[in-house]
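The sequence and the structure come first.

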Amino acid sequence: MNKLLGMLCATVCTLGFAAIVSSAEVNPQACQQVMENSCTKCHGIKRTCTTLEKTDANWPAIVADMAKRGKLSQEVQDQALACVTSADGTVKGAFCPQK
């Protein structure tokens with residue numbers, strides 16, 4: 001029960017942050033750095049970029065889960081979430097190879 005409540009709290013907090021961050025501009029170089037230093041360490045660039053193409057992805061939950069597994073700081077989590085939820089596709093353009 002406590003574990004479930006903790007996960008719910010983390011998700012709600014992350015969703016709240018996502019709403020705040022989504023309106024801010026995202027730095028493409030910072031996105032590239034956070035992806036290279038965090039996401040591709042475990043997944044590789046191809047898998048990461050394929051996942052970025054999913055429009056129905058629950059990014060707050062995905063970032064929270066991956067951050068827990070990878071022991072990422074809150075600052076890195078926040079940056080990653082801002083990058084993957086950027087409306088203009090900043091992270092894909094800066095990070096993923098063009099098809």
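Where is Glu-53 found? Glu-53 lies in the loop between helix 2 and helix 3. At 37% relative accessibility, Glu-53 counts as partly exposed, where buried means under 20% relative accessible area, exposed over 50% and partly exposed in between, with a 1.4 Å probe and protein chains only. The C-alpha atoms of Glu-53 and Val-84 are separated by 9.8 Å, although the two are 31 residues apart along the chain.

This is a predicted model, in which local features need pLDDT of at least 70 and side-chain atom pairs count only at pLDDT 80 or more, while totals for chains, interfaces and linings use all residues. Residues are numbered from 1 along each chain as its sequence is written, and side-chain values use heavy atoms, with hydrogens and water left out.

**The chain as a whole**

The protein chain has five helices and zero strands, and its elements run α-α-α-α-α from the N terminus on. Helices (H or I, at least four residues) and strands (E, at least two) are DSSP runs, numbered from the N terminus. Of the 99 residues in the protein chain, 28% are buried. The chain exposes about 6700 Å², and carbon and sulfur atoms supply 58% of it; accessible areas come from the Shrake-Rupley method with a 1.4 Å probe, and for residues only the protein chains shown count as cover. Among contacts with a separation of 6 or more, 75% are between residues 24 or more positions apart. Contact means heavy atoms within 4.5 Å.

**Helix 2 against helix 4**

Helix 2 spans residues 28–52 and helix 4 spans residues 74–84. Their axes come within 10 Å and cross at roughly 55°. Axes are lines fitted to C-alpha atoms, for helices over the stretch in contact, and angles run from 0 to 180 degrees between N-to-C directions. Helix 2 and helix 4 are therefore oblique to each other, given that angles under 35 degrees count as roughly parallel, over 145 as roughly antiparallel, 65 to 115 as roughly perpendicular and the rest as oblique. The crossing of helix 2 and helix 4 is right-handed. A crossing is right-handed if the near helix is turned clockwise from the far one by less than a right angle, and left-handed if anticlockwise.

From helix 2, the contact uses Ala-30, Cys-31, Val-34, Met-35, Ser-38 and Leu-52; from helix 4, it uses Val-76, Gln-79, Ala-80, Cys-83 and Val-84. By class, the residues of this contact of helix 2 with helix 4 are nine nonpolar, two polar and no charged. Ala, Val, Leu, Ile, Met, Phe, Trp, Tyr, Cys and Pro count as nonpolar, Asp, Glu, Lys and Arg as charged, and the others, Gly among them, as polar.

Ser-38 sits in helix 2 and is buried, with a relative accessible area of 15%. Not counting residues up to four places away in sequence, Ser-38 touches Leu-72 and Val-76.

**Helix 3 against helix 4**

The axes of helix 3 and helix 4 come within 10 Å and cross at roughly 145°. This crossing of helix 3 and helix 4 is right-handed. Trp-59, Pro-60, Val-63, Ala-64 and Ala-67 in helix 3 meet Gln-77, Ala-80, Leu-81 and Val-84 in helix 4. The contact of helix 3 with helix 4 has eight nonpolar residues, one polar and no charged.

Ala-80 is listed in the contact with helix 2 and in the contact with helix 3. Leaving aside neighbours within four places in sequence, Ala-80 is in contact with Val-34 and Val-63. Ala-64, in helix 3, is buried at a relative accessible area of 19%.

The C-alpha to C-alpha distances are set out below.

| Pair | Separation in sequence | C-alpha distance |
|---|---|---|
| Glu-53 and Val-84 | 31 residues | 9.8 Å |
| Ala-64 and Ala-80 | 16 residues | 10.0 Å |
| Ala-80 and Cys-39 | 41 residues | 8.8 Å |

**Ala-80 and Lys-71**

Is Ala-80 buried or exposed? At 7% relative accessibility, Ala-80 counts as buried. Lys-71 counts as exposed, at 73% relative accessibility. Lys-71 is in the loop between helix 3 (59–70) and helix 4. Lys-71 has a positive phi of about 55°, although it is not a glycine.
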